[in-house]
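Please look over the sequence and the model shown below before reading on.

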Amino acid sequence: MYIPPPFSVADLTQLHAAIERYSFALVVSREERGLVASHLPLLLDRHAGPSGTLWGHFARANSQWREADGQEVLVIFSGPHAYISPQWYQAVRVVPTWNYVAVHAYGKLKLVEDSQQAVELLQRMVRHYEAALSEPWRLADQPADFIERLARQIVAFQIPIERLEGKWKLNQNHPPERRVKVVAALEAHGGAEELEIARLMRKP
């Protein structure tokens, strides 16, 4: 990823927090026919390995897993993004741009074919994504044959992270007074993505 120095983030805690917040990722690998990608929710184990380990699963019908095993893969986590109009700067010789947050993770994908581990992964994912609901759905409450059938329909995997890249492009290359004007314009616009970018721009 192209990362000019003002936009670079290398702090592991900040990168991990972004991965967890924007956990619906793009997993990119190579097949004989060329590049292939899947959009997948991933869980992060911060403490497994120096940079953490990602866990997820493919649908067994998705052929990507067949050649991805043992490959170095690229995992893209896309955070909030928003268009920035040059008129918001109230300055001359400025251009339109886009503010955004992105994290790229690299590592070798390893398949986990053990069915019990696959079930445990499904249970962890369900607990994680249902946690905010007032009445969480529980995989453990489902019939045993239903759970077994689910486990057969997926291929679990882990990706020990070998390298992380973080890019927080938030107008850091502009003077503070311009950034203040951009934040005000984003907040006036009021969309969810715009408000999140404005919040990030306000952080010290």
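What follows is a short briefing on the sheet, the helices, the nonpolar cores and a few single residues.

The model is a predicted one, and the values given here are computed from it. Its strands include six that form an open sheet in the order β1-β10-β7-β6-β2-β3, with antiparallel pairing, and helices α1 and α6 both lie against strands of this sheet. The largest nonpolar core has 41 residues, and a second, separate core has 14 residues.

**The sheet**

- In general, the strands of a sheet are paired through hydrogen bonds of the backbone, in either a parallel or an antiparallel way.
- In this open sheet of 6 strands, the order is β1-β10-β7-β6-β2-β3 and the pairing is antiparallel. The edges are formed by β1 (residues 8-9) and β3 (residues 34-41), each of which has a single partner strand, so one side of each is left without a neighbour in the sheet.
- Strand β1 pairs with β10 (residues 163-169) in the antiparallel sense over 2 bridges, and within this pair V9 stands opposite G166 of β10.
- Strand β2 (residues 24-31) is joined to β6 by 3 bridges, the two strands running antiparallel, and V27 stands opposite V75 in β6.
- Strands β6 and β7 also run antiparallel and are joined by 11 bridges, with V103 in β7 as the bridge partner of F77.

- Helix α6 (residues 192-202) lies across β6 and β7 and runs at about 95° to β6.
- Which residues of α6 are buried? They are E194, E196, I197, A198, L200 and M201, and what covers the buried residues of α6 includes α1, β6, β7 and α5.

**A pair of helices**

- The axes of helix α3 (residues 115-130) and helix α4 (residues 144-152) come within 9 Å and cross at roughly 105°. Angles from 65 to 115 degrees count as roughly perpendicular, and α3 and α4 are therefore described as roughly perpendicular to each other.
- The contact between these two helices is made by S115, V119 and L122 on the side of α3, and by I147, L150 and A151 on the side of α4.

- In soluble globular proteins, nonpolar side chains tend to be buried together.
- Among the 41 residues of the largest nonpolar core, those that touch the most other members are L42, L54, V75, F77, V103, W168 and L186. Strand β6 gives the most to this core, with 5 residues.
- When its neighbours within four places in sequence are left aside, L42 is in contact with S23, A25, V27, L54, W55, G56, V75, F77, M125, Y129 and F157.
- The second, separate core of 14 residues includes V119, L121, L122 and I147.

**Residue N171**

- N171 is placed in the loop between β10 and α5 (residues 176-189), and its phi is positive, about 65°, although N171 is not a glycine.
- Is N171 buried or exposed? Its relative accessible area is 2%, and because buried means under 20%, N171 counts as buried.
- The side chains of N171 and Y89 are joined by a polar contact of 2.9 Å. Beyond its neighbours within four places in sequence, N171 is in contact with I84, Y89, T97, N99, R179, V182 and M201.

- Q71 is found in the loop between α2 (residues 64-68) and β6, and Q71 is buried, with a relative accessible area of 18%.
- A polar atom of the Q71 side chain lies 2.5 Å from the backbone oxygen of R30. With neighbours within four places in sequence left aside, Q71 is in contact with S29, R30, G107, K108 and L109.
- Q71 and E194 are 123 residues apart in sequence, and their C-alpha atoms are 36 Å apart in space.
- Q90 is found in the loop between β6 and β7, where it is exposed, with a relative accessible area of 63%. The phi of Q90 is near 55°, a positive value in a residue other than glycine.

Key. Residues numbered from 1 in each chain as written. Predicted model: local features only at pLDDT ≥ 70, side-chain atom pairs only at ≥ 80, totals over all residues. Heavy atoms only, no water. Pairing = 2+ DSSP bridges. Helix = DSSP H or I, 4+ residues; strand = E, 2+ residues; numbered from the N terminus. Contact = heavy atoms within 4.5 Å. Axes fitted to C-alpha atoms, helices over the stretch in contact; angles between N-to-C directions. Core = buried A, V, L, I, M, F, W, Y, C linked by side-chain atoms within 4.5 Å. Buried < 20%, exposed > 50% of the residue type's maximum accessible area, 1.4 Å probe, protein only. Polar contact = N/O pair within 3.5 Å; in protein donor to acceptor, adjacent residues only side chain to side chain. Parallel < 35°, antiparallel > 145°, perpendicular 65-115°, else oblique.
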